[in-house]
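Please look over the sequence and the fold below before reading on.

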Amino acid sequence: MAKRKGPSMQGIFKQYFRDHPEWLATRTNEAVIAQFSKDHPKIKPDQRVKQAMFNAKNHMKKGKKGKRGRRRKVAEITAAMKSPHASSGALQILENHVDDCLAMARAVGQESIRDVVNHLHRARNMLVLKIEA
């Protein structure tokens, strides 16, 4: 396997976004592509280059927010499990998540997932009964 001479395509775009954070907020990527074409005149900005730019932009936008969100949810569930009413707190969180899934499934609105919607509805109702008991 040959070693790369210089940064990767995604690394180039990540550096652009570090240097110009305002480019992360824009919907158009013309400035980024123009900078790339200026810096690398031998490389044509084809689909492969644009995909690397989109991936880098998405990664830079997301940052570490995704990990913090998951950790916060896990900490919330762990705290609910340790509370005196552990089952009701954890069940309440579970009921909220099932309710979110039910709303999403209803928003899809396809007839083909009617069974999924029915099962989610029943699962949420069963959780409500368990919480009240």
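## Terms and basis

A polar contact is a pair of N or O atoms within 3.5 Å, where within protein one atom must be able to donate a hydrogen and the other to accept it, and where residues adjacent in sequence count only if both atoms are side-chain atoms. By that rule, the side chains of Lys14 and His59 are joined by a polar contact of 3.3 Å.

This is a predicted model, in which local features need pLDDT of at least 70 and side-chain atom pairs count only at pLDDT 80 or more, while totals for chains, interfaces and linings use all residues. Residues are numbered from 1 along each chain as its sequence is written, and side-chain values use heavy atoms, with hydrogens and water left out.

## Lys14 and its surroundings

Lys14 has its place in helix 1, residues 9-19; helices (H or I, at least four residues) and strands (E, at least two) are DSSP runs, numbered from the N terminus. Apart from residues up to four places away in sequence, Lys14 touches Ala56, His59 and Met60, where contact means heavy atoms within 4.5 Å.

Lys14 is buried yet has no salt bridge, and the nearest side chain of opposite charge, that of Asp19, is 14 Å away. Here buried means under 20% relative accessible area, exposed over 50%, and partly exposed in between, with a 1.4 Å probe and protein chains only. A salt bridge is a side-chain nitrogen of Lys or Arg within 4 Å of a carboxyl oxygen of Asp or Glu. As for charge, Lys and Arg count as positive and Asp and Glu as negative, whereas His and the chain ends are not counted.

## Aromatic pairs

How many aromatic pairs does a search of the whole structure find? The search finds two, with rings of Phe, Tyr and Trp (its six-membered ring) taken to pair if their centres lie within 6.5 Å, and with planes under 30 degrees apart counted as stacked, over 60 as edge-to-face and the rest as tilted. The ring centres of Phe13 and Tyr16 are 5.9 Å apart and their planes stand at 80°, so this pair is edge-to-face. Both residues lie in helix 1, three residues apart, which is about one turn of the helix. Phe13 is buried at a relative accessible area of 0%, and Tyr16 also counts as buried, at 8% relative accessibility.

The rings of Phe13 and Phe36 have their centres 5.1 Å apart and their planes at 25°, so that pair is stacked. The pair links distant parts of the chain, since Phe13 is in helix 1 and Phe36 is in helix 3 (residues 30-39), 23 residues apart. Phe36 is buried, with a relative accessible area of 0%, and ring pairs link Phe13, Tyr16 and Phe36 into a cluster.

## Nonpolar cores

A nonpolar core is a set of buried Ala, Val, Leu, Ile, Met, Phe, Trp, Tyr and Cys residues joined through side-chain atoms within 4.5 Å. The largest such core has 14 residues, of which Met9, Phe13, Tyr16, Phe17, Val32, Phe36 and Met53 touch the most other members. Helix 1, helix 2 (22-25), helix 3 and helix 4 (47-62) each supply at least two residues of this core, and helix 1 gives the most, with five.

Leaving aside neighbours within four places in sequence, Phe13 is in contact with Val32, Phe36, Val49, Ala52, Met53 and Ala56. A second, separate core of six residues includes Val98, Leu102, Ala105 and Leu120. Returning to helix 1, its buried residues are Met9, Ile12, Phe13, Lys14, Tyr16 and Phe17, and what covers them includes helix 2, helix 3 and helix 4.

## Salt bridges and a buried Glu

The count of salt bridges comes to two. Asp99 forms one with Arg124, the closest N and O atoms being 2.9 Å apart. Asp99 lies in helix 6 (residues 86-108) and Arg124 in helix 7 (residues 114-132), so the pair ties together parts 25 residues apart in sequence. Asp99 is partly exposed, with a relative accessible area of 31%, whereas Arg124 counts as buried at 18% relative accessibility. Glu111 forms a salt bridge with Arg114, with the closest N and O atoms 2.6 Å apart; Glu111 counts as exposed at 56% relative accessibility, and Arg114 as partly exposed at 47%.

Glu95, which lies in helix 6, is buried yet has no salt bridge, the nearest side chain of opposite charge being that of Arg124, 4.6 Å away. Neighbours within four places in sequence aside, Glu95 is in contact with Arg124, Leu127, Val128 and Ile131.
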